[in-house]
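Subject: Structure for you to look at

Hello,

Here is the structure I promised to pass on. Please open it first, then read my notes below with the model on screen.

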Amino acid sequence: MIILHAGRVGKQFFLWGESPAESETPVVRRGRKPKTPIVKPYPYDSGFGNLSSALEVLLGSTGWKETEKINVWIPTTGGDPVPSSSLVAEIPDSKAEPALAPWTVHAYPLEAEEAIVLLCACMGKRVLAPGIIPGNDLIWWAEALKFAGSLVAGQKYLPGIRGEEGEYRAFWEPVFSGEDAGELAKLVNQMPPAARALTPEASSMLPEMPAALVARQFIEDSLDWIVRSEIGEKKLAKEIRKRKSFDSVHDAWVSALKSPDGLIYGDEKELLQLAARTREWQRPLTILTTSPFRFCFRLEEPAAEEETEENEDGRGDTKKGREGIADIEVPEGHWYVRYLLQSYEDPSLLIPVKEAWKPKKGSPLKRYDVKNIRQFLLSSLGQASSISSGIASSLESPDPSGYSLDTKEAYRFLTESAVNLSQAGFGLLLPGWWTRKGTKTHLKAQAKVKGKKLQAGSGLTLEKVVSFDWEIALGDRVLTIKELQALAKLKAPLVKVRGQWVEVNGSEIRAALEFWQKNPHGEASLREIIKLAVGASEKADGVDVEGLNAIGWIGELISRLKDKAGFEELPAPEGFSGTLRPYQFRGYSWLAFLRQWGIGACLADDMGLGKTVQTLALIQHDLEQVEEQVEEQVDRHKAPKPVLLVCPTSVINNWKKEAARFTPELSVMVHHGTSRKKEEEFRMEAMNHAIVISSYGLLQRDVKFLKGVPWAGAVLDEAQNIKNPETKQAKAARALEADYRIALTGTPVENNVGDLWSIMEFLNPGFLGSQAGFKRNFFIPIQAERDPEAARRLKEITGPFILRRLKTDTSIISDLPEKMEMKTYCTLTKEQASLYAAVLEDIEGAMEDSEEGIQRKGIILSALSRLKQVCNHPAQFLKDNSGIPGRSGKLARLTEMLDVILENKEKVLVFTQFAEMGKMLKEHLQASFGCEVLFLHGGVPRKQRDRMLERFQEGKEYLPIFVLSLKAGGTGLNLTGANHVFHFDRWWNPAVENQATDRAFRIGQTRNVEVHKFICAGTLEEKIDEIIERKVQVAENVVGTGEDWLTELSDEELKDILALREEAVGE
Amino acid sequence: MAAYWDGYGNYEPTKPIEVKGGIKAKSKRGSFAQSWWAKRWIKTLESFNMGARLSRGKSYARKGQVTSIKIEAGLVRSKVQGSNPTPYSVTIKVRTLTGSEWELLAEIIALKPIFAAKLLAGEMPEDIDSAFREIGLSLFPETLDDLETDCSCPDWSNPCKHIAAVYYLLGEEFDRDPFLIFKLRGVDMDDFMSILGKGFVPETVGQVAEAGVLTGPDDKTGTALEAEISPVSPEPLPIGPEVFWGRLPESPGEEKSPSLEAHIPQAPAALPKRLGKFPFWCGEEDLLEVLEEIYKKASPAGMMIFLGERK
């Protein structure tokens, strides 16, 4: 485990790390006190080994050069440094006032490019890789780099020159204007002081460089490096540059600006003059960039006309009566462009420029020098005047505050001036009906589709070709040819349709007329029609083609898709055993509805809402449909085809169990393990089953023959596994041939823009366009430009295919029980299985040799305990402190589930009866999630225990996981902060488990509690669980309070219980 | 090569000594200067009937024979490389306006904000001349009386080609910054704003900036580069461990709202374009062209880093 930190010494970026100390603090040297205090090695220094292996994981390359030693000034109490996190060491709860003291650490000097790649990898992450956790300071550096990236992207920098230590360098300097200055200030505020606490080993000076300077220098240097590295010019030898090989200092400057190091040589006087000239050149910007205000233009609509009698007589100033288009009018009032100053500090503060010329007492402008304000106003207006002639003419009289325009001028302002003004850095406040790009009412061509009544089960697919008529509409107002022609004659670019301003541009009207005359009708596949309907749009012959005016069955289909309502609510399939909750009926019916059309569906319900059950219901239903058709001889050739279900290895058994429970008629084949069938043999076998379960790993490995099977359906569980479209498993998933496709995930997919494309491409290929197009049209606008319109559009397009219901949404899910108990069936790893087998063998031997009575009892109890340990984790059984990750099926499943739960911002309790396992859980989960994991066991003193409870319940810190030993934490405590309870291993007494569960499920709990009981399928855990289930009524009597009852069983019974069945192994 | 007869009996070699790194005119052929005000400036020169000296001056300006130009109030000093190993010194003196003349002017200018606005934005207002004429003045030196030119070359005709070369290059500088003409006539930007202030709110002129946020542009021509970095006052590290490690209370529900945005502008290199030509540019390549190419290349890289995708 390593927490990575970073800082700069001079211009050098250093990476260092904290790890838990392996031994006690090194012995302090005694003897004569040296004159200068000896700087001690930091007890939690990660050191060379840990740092270089972390770097290897993060940056890939190996063979990291030697580290350097530097000092970090760390708050220290009573001679002990306070580490950054309790993951490293317990934070001393000392009342003594801390002081800063230098501590030596091993640190890697990173090259500029290495630092950039590393920081990019840190953005938005809490854990970089298992056990590699970014410290808050490192995250801050990543944020600062991100800011530098935005400045480069936005081209907010200029070439400059600066001298340092007798050298001159050409330099790309950021220009922090307006908002960027605000961002910089924010960043400075957020900097953890640890980021500027480094000094060279030799120095005894406290690092006191102000945060603002540290931040600024880093951003400057990063920006310079990013620009320079993109130019990609080779480094010139110093000698070549030194020789007077340049005709002028300007040539030398240009060359240095492009060179990797920026060094520039030449006559000092000339260089100084160049610097002065650079400043002179940049001067006009200085006025604008140093202003605390942004100059804004606000376009104001003509005042709404009052319904006067005159207007009713038709003598008002609208043309509507004359042109004969009902509900379309052309008001002739005056528009106004108002000049305003908007404060960067408080963007809601808008000061009319009218007041700024002569600020009155009490005006916020009084803080500033009148001369400077005026200079700012004048230079802004001067610049704006060359963009808009209206602005220029407003400057003919003193103290201009705006100007008025007619409708045509207003239109020109909106279409031309506004764009140019905004590009020149001015603020624009335009009417909402104009800025709402996608929802903006405008002229468009839409398909008008007619269809008869929808017939369910008619065998229609998306490939059906549908013919339609084109029509032209203004917003949702369909226009006749006559009206369109009349509109063209109006020659008014802005008209009011039903009281709403709408743009009608002459060339668009002409294009629309032409389009219409050329293509009155069209044909397209239902797939294309649906794409149009959900909002994917395109431009054809100068006309926006978007939207759909569908009536009849296609209209019905589309509104059902969009509203996720109106489709047939199905009864539970005949062969389905178990009950579905109302929302599960809806979910399954929705899946069936999309399946009917061959449309891919993403079921993204919250964890615990039963995605598995709904999917199984669909599979059963689909199969019954096919059987029905075969029986009724609708389609004699139709034979049932299998469904491929791909899931993480750790849930294969869970699926198998759930299928056996809810759809017992469906034969399930698990395609897994080394003895799995291949090629043709696999195909034959698969066709004989209803469901084939396999893992992502094998999907990728066996895609060659998996894609050759004609699947009825392809279902991806935990579909976030294919979020990266470049991965082999994502490609393999897309290559599958299936009549329907379903993706299941409990993570909020709709929020992870980057992950959507891959999942959608699997479900409904082509709907989101190409990957590059998606990046351009959605990813960058949403992630980088924060364009809410793009986000809205994406939601509209993907919405019909994603169903996500939250447990908290009681309007939809009202019947959820307050406590839900679920069994999670886990697999054993190969290692676990062979250990299990070895223990069994051992026991059998011992049992044969043993006598009845106490000896036998002892053997059995110890066997139980050892087998349970193996099921938990090999390292727990071996007690050898060996590595944790990748060796336990339960642990893998727990980690996967916590991934989803933590992403949904919920908290959990994990119970185990073994203190050693609790310790391993704490360690592993801390490394996996990068946060402190609380662990309560019998050895925790009362005071500390109370503090743990307090911290967990308070919710001030990020402490989502609480591990408890069943004995220490099973009773008495109040832990209602959690709404998930895991029983990592089982106590064979339900009462004890329930008591533990009640730590969370008790008065004060406001949410539904989910209880996850982990069971290794095919092992004693499952058998015992079955026995308990059977005897649950009389459990108290028969089972007693402990595990003693097991010892009363016969050898045969015991053998059966303890046996290892084939299904247990997951790989 | 053919010799050149200058009409006054002086025989001079056609070729001046070649200079590297002189100030190069942006104009490569045809007329100098693009703005009407720079054209006005050059028109005055061209009205002097200089004959062939004019075109020689032009080609001097284009070849980069002028190695330095300094503009002060009322005075331009310049070095021009001719055929003599030592560069010639050229001076152009312009009559500066008196304080009272400026004040009269300010009253007129204050009534029409367009004048000041255009000037501040780097443009000469079209009818600024009318403002000058109203008080019987002219912004541009128009007759020989307004100008006094001198050159250390042997050619006794004045203006000579060296003066013409400087004159042309000045025209290009005026293109970039029309304010230089005002500077030449004795008023720099700061003075100008103060004078304007009198027209607006007389009582506040001369007040010192309170908050210092809207400080005006500083013209630190000639100061050492190191001086730019203002001395920093140390900021001691806080000693509280919570603050020191940035361990602020944080719950998963309160993630930092992503306020930072990145946009690749549609029109590249807007910032340098807004600044226009670099003062007295001597480089081989056109600076704006060089910059535009670099900006275009760097933007996507910046976006990648913003999105955390540098690998």
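**What was found**

The centres of domain 1 and domain 4 of chain A, taken over C-alpha atoms, are 44 Å apart. Domain bounds come from an automatic or database domain assignment.

Some ground rules. This is a predicted model, where local features need pLDDT of at least 70, side-chain atom pairs count only at pLDDT 80 or more, and totals for chains, interfaces and linings use all residues. Residues are numbered from 1 along each chain as its sequence is written, while chains are lettered from A and ligands numbered from 1 in the order in which they are written.

**Domains.** Chain A is divided into domain 1 (2-26 + 35-231), domain 2 (293-304 + 316-430), domain 3 (443-563), domain 4 (582-803) and domain 5 (819-1064).

**Sheets.** Helices (H or I, at least four residues) and strands (E, at least two) are DSSP runs, numbered from the N terminus. Two strands pair if DSSP finds at least two bridges between them. One open sheet of chain A has six strands, in the order β33-β38-β37-β34-β36-β35, with parallel pairing. Its edge strands are β33 (819-826) and β35 (934-936), and each pairs on one side only. Inside this sheet, β37 (980-983) and β38 (1009-1016) of chain A pair over four bridges. There, A:Val981 has A:Val1011 as its bridge partner.

Another open sheet of chain A has three strands, β13-β21-β22, with antiparallel pairing. β13 (328-329) and β22 (500-503) have a single partner strand each, so one side of each is left without a neighbour in the sheet. Four bridges join β21 (494-497) to β22 in chain A. A:Lys496 stands opposite A:Trp501.

**Where the chains touch.** Contact means C-beta atoms, placed from the backbone, within 7 Å. By that rule, 94 residues of chain B are in contact with 104 residues of chain A. Which helix gives the largest share of the chain B side? α11(B) does, with twelve residues.

**Cores.** A nonpolar core is a set of buried Ala, Val, Leu, Ile, Met, Phe, Trp, Tyr and Cys residues joined through C-beta atoms within 7 Å. Buried means 20 or more other C-beta atoms within 10 Å of the residue's own. The largest core has 281 residues, and A:Cys602 and B:Val166 have the most contacts inside it. Helix α3 (136-153) of chain A gives the most to this core, twelve residues. Apart from it lies another core of 73 residues, including A:Leu891 and A:Val981.

Best wishes

Notes:
Contact = placed C-beta atoms within 7 Å. Buried ≥ 20, exposed ≤ 12 C-beta atoms within 10 Å, placed from the backbone.
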